[in-house]
Amino acid sequence: MPFFASSMAVMGSDTDSLRLGYVINLGNGDEYWTERGGGGVFFNGNRVTRKRRANVVSFNIGDGGVEEYIGRLLSLRGGKKRALGCASLELCLVATGSLDMMAYLGNGNRIRNVDVAAGVLAVRESGGAVVDERGGAEFRAGLDVSKRMNIVAVSDRNFLVDIL
């Protein structure tokens, strides 16, 4: 099944002002949406309730700049590792608990804010976090679509301890 998505986000001048996010899986029609302060994330019209860890992570690693993290990602205790390749959908899978973590890392694999804004809001509204590759700074991006960055998203902040 294809793993392609279309997404839309409503925001002010940066990702801190995200107000509404919508992502649709073009392969099967699944829809995810969330609203800032709106009570969580919705999948196909139903509010998502958090579940225990899925023990599945997704990561995409480009060329250079992340060698120190590759070993940590590959050695995660238990679970399955996948590379799905569609950042907005992967973020929604983190938000709904189908993935514990997703990461886009490397000089040649950075993400633009417009590619992930809706998914970032979904992860935040579900209680997860989207951070830089070092696990410190929250993902923040302005409206400059030419700027690209590495990101790591986790369904639970405690999961950051396991990976970084």
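This is a predicted model: local features need pLDDT of at least 70, side-chain atom pairs count only at pLDDT 80 or more; totals for chains, interfaces and linings use all residues.
Local features need pLDDT of at least 70, side-chain atom pairs count only at pLDDT 80 or more, and totals for chains, interfaces and linings use all residues. Residues are numbered from 1 along each chain as its sequence is written, and side-chain values use heavy atoms, with hydrogens and water left out.

User: How many aromatic pairs are there?

Analyst: Rings of Phe, Tyr and Trp (its six-membered ring) pair if their centres lie within 6.5 Å; planes under 30 degrees apart are stacked, over 60 edge-to-face, and the rest tilted. By this rule the count is 2.

User: Which parts does the pair of Y32 and F43 tie together?

Analyst: Y32 and F43 form a tilted pair, 5.0 Å centre to centre with 40° between the planes. Strands (E, at least two residues) and helices (H or I, at least four) are DSSP runs numbered from the N terminus. Y32 lies in strand 3 and F43 in strand 4, so the pair ties together parts 11 residues apart in sequence: strand 3 (residues 31-35) and strand 4 (residues 41-43).

User: What is the angle between the planes of W33 and F42?

Analyst: W33 and F42 form a stacked pair, 4.4 Å centre to centre. The angle between their planes is 5°.

User: How many residues of helix 2 are buried?

Analyst: Buried means under 20% relative accessible area, exposed over 50%, and partly exposed in between (1.4 Å probe, protein chains only). Helix 2 covers residues 87-96 and is largely enclosed by the rest of the structure, because the buried residues number 10 of the 10.
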